Amino acid sequence: MTKFKDFGAPVSTENAEEIMFRLYGEDFYCRPQIPGKVMLDLAGRSGNEDDSAASATIITDFFKYVLVSESHVRFNALCEDPDRIVTIEQLMDIISWLMETYGNRPTQRPEVSQDGQ
């Protein structure tokens, strides 16, 4: 007998809530969802916290995957602006908030039951 499990259809981002954050008065828009494989790859590469070059690359890649294109360009410009310093602590706070936000999002809307329960 064959064992089988259907893991569902692709998750639609059509009705997903917007994710955004503000830094230095600028609004930055994020993708409504991140592919699980991307998050696993980033997590797997973050294993060596003593390698600062690797950590910097992971942070850069994280924002590349999370931010929509236009926001990503502006975010990079802001982070490199010598007149508006974005600290590593601020970057880590943003990453923590985004990870928490993505981690707490349901992958699909709950179905409404027939009896309203």
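I began with the helix pair: α2 (residues 52–66) and α4 (residues 88–103) pack at about 50 degrees, with axes 12 Å apart. I took axes as lines fitted to C-alpha atoms, for helices over the stretch in contact, with angles from 0 to 180 degrees between N-to-C directions. That angle makes α2 oblique to α4, because angles under 35 degrees count as roughly parallel, over 145 as roughly antiparallel, 65 to 115 as roughly perpendicular and the rest as oblique.

The model is predicted, so local features need pLDDT of at least 70 and side-chain atom pairs count only at pLDDT 80 or more, while totals for chains, interfaces and linings use all residues. Residues are numbered from 1 along each chain as its sequence is written, and side-chain values use heavy atoms, with hydrogens and water left out.

I noted the crossing of α2 and α4 as left-handed, meaning that the near helix is turned anticlockwise from the far one by less than a right angle. I then listed the residues that meet (contact: heavy atoms within 4.5 Å). From α2 they are Ile 59, Phe 62, Phe 63 and Val 66; their partners in α4 include Leu 91, Ile 95, Leu 98 and Tyr 102.

Next I checked the overall layout. I found four helices and two strands, in the order β-β-α-α-α-α along the sequence. Both kinds of element are DSSP runs numbered from the N terminus (helices H or I, at least four residues; strands E, at least two). Of the contacts with a separation of 6 or more, 64% join residues 24 or more positions apart. Of the 117 residues, 24% count as buried (under 20% relative accessible area; exposed is over 50%, partly exposed in between, with a 1.4 Å probe and protein chains only).

I looked up the loop between β1 (19–23) and β2, where Tyr 24 lies. Phi of Tyr 24 is near 50 degrees, a positive value in a residue other than glycine. Tyr 24 is partly exposed, at 40% relative accessibility.

I moved on to Glu 26, in strand β2 (residues 26–30). Glu 26 is buried at 19%. Not counting residues up to four places away in sequence, Glu 26 touches Phe 21, Arg 74, Leu 78 and Arg 84.

Last, I looked at cysteines. Cys 30 is buried at 5%, and Cys 79 is partly exposed at 28%. I counted zero disulfides (pairs of cysteine sulfur atoms within 2.5 Å).
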